[in-house]
Amino acid sequence: RTAMMKVEAREKASQALMEKYGVSEPELKLAFAYFVERVTTYSKRGLTDGFRRMDRDHKGTLSGEELKAFFIDGAADAPWFVHERTINVLVDWADLNEDDQIDYNEISAVMQCEDVLEFAALLPKKRAESQKTNILGRKVGKRGLTAQDILDCQSKIKEKLRNLGGGGNNAVAAIKSYLDKDGSGSVNREEIKMMCVTFDIIRHKDKKTGMMKGDLSVAHVDTLLDVVDKISKDVGVQVDGVRVDVDVFVKSVIQGKDVLDFAGL
């Protein structure tokens, strides 16, 4: 069954290659081999150095236009299989996150792939993984942290607090009671940060053992609380930058799967 699935995947990839680009598998293999040869000729020190020489704006990445200029405009004697269609395949396959900023290693992997149909069949998965990485690597807030940093912070706080009240359905009521000690419906930011020290979430030196515990910074927690404040504003809850609404915190951080998605970020 697995072998049959691979055959079907290759057939679909071959058909898609022709339908989308008007290029056949043999034609593309010839083109990719020529691309490698031309870059290698351009620089005897390898593909990476060749790409660096093509990088006109010196950003460390290549654009589709830079590649087209090098392979087509810069090669008057280019063979019949080197044309805009085969260049488009190279650009599309290498630009996984579709930002027109192609990493040297990504384009090398495409040009040197041994089986173009297998590579094409795996492309949707590769593109999804690349876009997910790009999304998680985006900056959130004013402290230079990434989306992944904030989601890690949410996960650690959720894990610790859900153990209150034995977890399960009892956890939410126990968490709210733990946070809202004065019955005001809100909790001071500093109290949350002290809680994160107590739970070994924020990096600190243990007074008894002298050992370092926790692996997140105060900035992680502050940025997470900024996101909670945004959610509070969006639902009409007053925000002062000092106290955090307990209901919003529990719903978005503890019960929510992705606090950034909850906030529309």
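In this predicted model, Thr146 belongs to strand E4, which covers residues 145-146. The points below take up its surroundings, and then turn to ring pairs, charges over rings, a recorded domain and a pocket.

**Surroundings of Thr146**
- Thr146 has a relative accessible area of 15%, and because buried means under 20%, this residue is counted as buried.
- When neighbours within four places in sequence are set aside, the residues in contact with Thr146 are Leu136, Gly137, Arg138, Lys139 and Val140.

**Aromatic pairs**
- The structure holds 10 aromatic pairs, and one of them joins Tyr34 and Phe35 in an edge-to-face arrangement, with 6.4 Å centre to centre and 65° between the planes.
- Both Tyr34 and Phe35 are buried.
- The pair of Trp93 and Phe119 is stacked, because the ring centres are 5.6 Å apart and the planes stand at 20°, where planes under 30 degrees apart count as stacked.
- Since Trp93 lies in helix H5 (residues 84-94) and Phe119 in helix H7 (residues 116-136), this pair ties together parts that are 26 residues apart in sequence.
- Trp93 is buried, as is Phe119.
- A cluster linked by ring pairs takes in Phe32, Tyr34, Phe35, Phe70, Phe71, Trp80, Phe81, Trp93 and Phe119.

**Charged ends over rings**
- The charged end of Arg38 is placed over the ring of Phe70, at 4.2 Å from the ring centre, and Phe70 is also one of the residues in the cluster linked by ring pairs.
- Over the ring of Tyr178 sits the charged end of Lys181, 4.1 Å from the centre of that ring.

**Recorded domain**
- According to UniProt, in an unreviewed entry, the feature "domain: EF-hand" is placed at residues 42-77 and 179-202.
- Over residues 179-202 the chain is 46% helix and 12% strand, with the C-alpha atoms at the two ends lying 17 Å apart.

**Largest pocket**
- How much volume does the largest pocket have? The volume of the largest pocket is about 250 Å³.
- The residues that line the largest pocket are Thr2, Met5, Lys6, Glu8, Ala9, Arg10, Lys12, Glu118, Ala121 and Leu122.
- Helix H1 (2-21) and helix H7 each supply at least two residues of this lining, and the largest share, 7 residues, comes from H1.

Notes
Residues numbered from 1 in each chain as written. Predicted model: local features only at pLDDT ≥ 70, side-chain atom pairs only at ≥ 80, totals over all residues. Heavy atoms only, no water. Helix = DSSP H or I, 4+ residues; strand = E, 2+ residues; numbered from the N terminus. Buried < 20%, exposed > 50% of the residue type's maximum accessible area, 1.4 Å probe, protein only. Contact = heavy atoms within 4.5 Å. Phe/Tyr/Trp six-rings, centres within 6.5 Å; stacked < 30°, edge-to-face > 60°. Lys NZ or Arg CZ within 6 Å of the ring centre and 35° of its normal. UniProt positions renumbered as here; feature names shortened; annotations may be inferred. 1 Å grid on protein atoms, 1.4 Å probe; cavity = no way out; pocket = protein on both sides within 12 Å on 5 of 7 lines; lining within 4 Å. Points joined across faces, edges and corners; volume = space filled by probe spheres on them.
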